[in-house]
Amino acid sequence: MRIGFIGLGNMGLPMASNLVKAGHHLVVFDVVEKLVQALVAQHPTQVSASPNIKSLAQGGDSSSQTNQALDAIITMVPEPQHVRSVYLGDAGVLANLAAACLLIDASTIDPQTAREVAQAAYEKGYSMVDAPVSGGTGGAQAGTLTFMVGGDEAAFEQAKPILQAMGKNIVHCGGNGNGQVAKVANNMLLAISMIGTAEAMSLGVSLGMDPKVLAGVINTSSGRCWSSDVYNPYPGVIDTAPSARGYTGGFGADLMLKDVGLATAAAKSVKQAVPMGALAQQLYQTFSNQGHGGLDFSAIIQMLGKAK
Ligand code: NAD
């Protein structure tokens with residue numbers, strides 16, 4: 001297939017590389033020129049650059065004189081405003097597509113924006129899915145991401161083989177926006193469970209327990225959760241967790257703050273109370289304000305307890 005890819009950052013670059021490995025031809029664009037050039041240099045026969053989004057949507061690239069239509073466009077950009085600017089407006093994807101093309105937004109954004117942009121796509125006759133991911137940069141490199149997909153059945157079936165080149169679990173969550181709903185609900189729960197685990201571990205150790213013994217009890221009892229079992233925030237409990245390497249190389253606290261903020265904003269839009277999510281957001285905001293937003297999100301235990 002000939003696929004357009006917009007946004008070659010920490011996630012987008014390895015995802016695009018996996019599409020190349022699967023044999024697809026890519027036309028790519030990022031506002032950071034050097035990211036584009038690096039990928040083109042690695043795969044000169046399979047990847048070409050577009051000078052801007054308008055040209056990419058028209059199927060143009062720097063290596064060919066004539067435009068060639070794209071089968072799909074994938075976007076992996078940071079925030080809702082970037083998704084809007086890429087798809088909407090005179091210079092955006094929707095205004096400049098010339099032929100049928102499947103649109104896949106893999107960015108993590110709020111469900112409302114995902115639904116608005118998909119609606120605009122359908123009004124112009126294009127199918128679109130939201131397909132946020134979990135699995136982090138490790139999963140993006142290994143091609144083992146989970147994709148939570150929102151869109152109609154036909155669009156999901158069309159997107160599936162493309163997503164399978166980048167991920168292991170491709171889950172249809174329902175109509176447009178529901179991929180984002182699944183993503184923000186899961187990550188809000190993760191933020192809450194991480195803070196709960198950090199509190200419980202800190203309490204137990206402060207009261208004199210060995211952290212490994214305490215984690216062992218929790219993980220065979222009713223308090224067990226992913227945060228306690230796989231990703232325990234107390235240093236030394238799990239060798240493979242970021243807590244064992246100074247809270248580096250995991251899922252950044254600022255990214256968690258972004259996701260839990262999307263969850264509380266989405267909750268407000270439907271008047272759903274999320275008191276624990278709101279408190280988690282405040283705690284991650286405080287942690288970020290203290291200058292720790294670049295640490296793994298499990299480092300929040302340092303703000304709550306006595307973890308060394
Ligand atoms: P990133 O900041 O590393 O990359 C985003 C890229 O998009 C950048 O290279 C930026 O230059 C580019 N970009 C921004 N606006 C653009 C525009 N208008 N046109 C073209 N390119 C543009 O971010 P990331 O870590 O790759 O994350 C991307 C998305 O994936 C985010 O929504 C994030 O929440 C989500 N996500 C990230 C992770 C993770 O572990 N990093 C995990 C799951 C989901």
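**Cavities, pockets and domains**

The second largest cavity is lined by A57, A69, L70, L97, A98, A99 and C101. Cavities and pockets are found on a 1 Å grid over the protein atoms alone: a cavity is a set of points where a 1.4 Å probe fits but cannot get out, a pocket is an open set with protein on both sides within 12 Å along at least five of seven lines, and lining residues have an atom within 4 Å of a point. The model is predicted, with local features needing pLDDT of at least 70 and side-chain atom pairs pLDDT 80 or more, while totals for chains, interfaces and linings use all residues. Residues are numbered from 1 along each chain as its sequence is written, and side-chain values use heavy atoms, with hydrogens and water left out.

**Cavities**

- The second largest cavity holds about 30 Å³ of space, where a volume is the space filled by probe spheres set on grid points joined across faces, edges and corners.
- Its lining has seven nonpolar, no polar and no charged residues; Ala, Val, Leu, Ile, Met, Phe, Trp, Tyr, Cys and Pro count as nonpolar, Asp, Glu, Lys and Arg as charged, and the others, Gly among them, as polar.
- Two cavities of 30 Å³ or more are counted, and the largest cavity has about 40 Å³ of space.
- V83, D105, A114, V117, A118, M128, V129, D130 and N176 line the largest cavity. The elements giving two or more residues to this lining are α6 (111-123) and β6 (128-130); helices (H or I, at least four residues) and strands (E, at least two) are DSSP runs, numbered from the N terminus.
- By class, the lining of the largest cavity comprises six nonpolar, one polar and two charged residues.

**Domains**

- The protein is divided into domain 1 (2-175) and domain 2 (181-304), with bounds from an automatic or database domain assignment.
- Taken over C-alpha atoms, the domain centres are 31 Å apart. Domain 1 puts 14 residues into the contact and domain 2 puts in 10, contact meaning heavy atoms within 4.5 Å.

- The largest pocket has a volume of about 1,300 Å³. It is lined by 47 residues, of which M11, M76, G136, F251 and L255 are the closest to its centre.
- Both domain 1 and domain 2 give residues to the lining of the largest pocket, so this pocket lies between them.
- Helix α9 gives the most to that lining, with six residues. The lining divides into 22 nonpolar, 19 polar and six charged residues.
- The second largest pocket has about 220 Å³ of space. Its lining is made of 14 residues, with V184, A263, A266, A267 and V270 nearest its centre.
- Helices α6, α9 and α12 each supply at least two residues to the lining of the second largest pocket, and each domain supplies at least three.
- That lining has 10 nonpolar, three polar and one charged residue.

- Helix α2 (residues 33-42) has V36, L39 and V40 as its buried residues, buried meaning under 20% relative accessible area, exposed over 50% and partly exposed in between (1.4 Å probe, protein chains only).
- Exposed K34, A41 and Q42 are on the face of α2 turned away from its buried side.
- K268, in helix α12 (residues 253-269), is exposed at a relative accessible area of 69%.
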